[in-house]
Amino acid sequence: MKSICYVVPYFGTLPKKGFSLWLMSCAKNPTVNWIIFTDDKTEYAYPENVKVYYTTFDAIRERFQQHYDFPIVLDRGWKLCDFKLAYGELFAPELEGYDFWGNCDIDLIWGDIRKFYTEEMLEKYDKIGFLAHSTLYRNTPEVNARYRTIIEGEMNYRIAFSESEGHCFDESGIEAIYQHLGIPYTKDISFANLTKYETRFHLDFTPPEEEYKNERQLFVWDNGTITRYYLHENKIFSEEYMYIHFWCRPMSFRVEDFSGSKRILIYSDVATDKPFEVNEKLIKKLGKGNPIAFYAKTLWINRKKLTPERIIFNIKGSIQSKRK
């Protein structure tokens, strides 16, 4: 089995209940590892496959700078996004011995990762995935250095790393490089990327012919697996996913026990471990949220993030997503 390790630098206060849920889902994937770099020393129930290094944002910036002969700009946490595709080089000592390394977000919940990252896929591709909330790279010097490729007329790492503006280089930049070099990679990963500002759950990257699945749906995390339930012609259908990416939605995590051996109902802007039964009535009731309550919560939760730079960054990211 090919070894996998995700790298997650996060500075500031970790989102307590959401992070606890994330850790619980990591624990259900014991053959995958995570390394977290953070300055938040809050005590969490870290599973054995999640290693924590306590450090500072300034220390990480200084560490990154040592790899480049030009001044980098890493002036706030979300600027780390542009550097994600360089983690194979930047965190090489910690990643030594792993076959694959990955970057991922923590505003998600994992399902059964190995069911989707098959050994056949890991044998075939150097890059698996195309969005920054979960992408894997083969851990070799050649693959880890590909982000340094300069393509005329395209964004490159020297510009992306030296400007304060977010460039989505971890997504569009590396995709352009792989296409330019003619190196095959796969986007064939079943993830649920939830649209930010829809009151109901709406999955991004849904083919037009499958848009009906977004009308009424909810998700269930059941002891390590994620299942989507949706209604179509008054019948319930289901599909399994590798993870759900909440993408900054105003989620309320009403989970009291993070032991892992349980079922969690996930809908609109809520995750709860209260007992439930999936049926037509439940999906119709919870498959669409209250618009007023949803947008009020969205504005309140994101009140400190609504800077012009952040708005522009989100718009650019949304445009890039629609192009894929």
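**Salt bridges in a predicted chain**

Glutamate 142 and arginine 146 form a salt bridge, with their closest N and O atoms 3.5 Å apart. A salt bridge here is a side-chain nitrogen of Lys or Arg within 4 Å of a carboxyl oxygen of Asp or Glu. This is a predicted model, in which local features need pLDDT of at least 70, side-chain atom pairs count only at pLDDT 80 or more, and totals for chains, interfaces and linings use all residues. Residues are numbered from 1 along each chain as its sequence is written, and side-chain values use heavy atoms, leaving out hydrogens and water.

**The chain overall**

- The chain has 13 helices and 15 strands. These are DSSP runs, numbered from the N terminus: helices are H or I with at least four residues, strands are E with at least two.
- Of the 324 residues in the chain, 55% are buried. Buried means under 20% relative accessible area, exposed means over 50%, and partly exposed lies in between (1.4 Å probe, protein chains only).
- Among contacts with a separation of 6 or more, 65% join residues 24 or more positions apart. A contact means heavy atoms within 4.5 Å.
- The chain exposes about 15,200 Å², and carbon and sulfur atoms supply 51% of that area. Accessible areas come from the Shrake-Rupley method with a 1.4 Å probe; for residues, only the protein chains shown count as cover.

**The Glu142 network**

- The structure holds 22 salt bridges.
- Asp126, Arg138, Glu142 and Arg146 are linked in a network of salt bridges.
- Glutamate 142 is exposed, at 57% relative accessible area. Arginine 146 counts as buried, at 10%.

**Lysine 115 and glutamate 240**

- A salt bridge joins the side chains of lysine 115 and glutamate 240, at 3.1 Å from N to O.
- Lysine 115 sits in helix H6 (residues 113-116) and glutamate 240 in strand S11 (residues 235-241), so the pair ties together parts 125 residues apart in sequence.
- Lysine 115 is partly exposed, with a relative accessible area of 45%. Glutamate 240 is also partly exposed, with 27%.

**Aspartate 222 and arginine 263**

- The side chains of aspartate 222 and arginine 263 form a salt bridge, at 3.8 Å from N to O.
- This pair links distant parts of the chain, 41 residues apart: aspartate 222 belongs to strand S9 (residues 217-222), arginine 263 to strand S14 (residues 263-267).
- Aspartate 222 is partly exposed, at 36% relative accessible area. Arginine 263 counts as partly exposed, at 33%.
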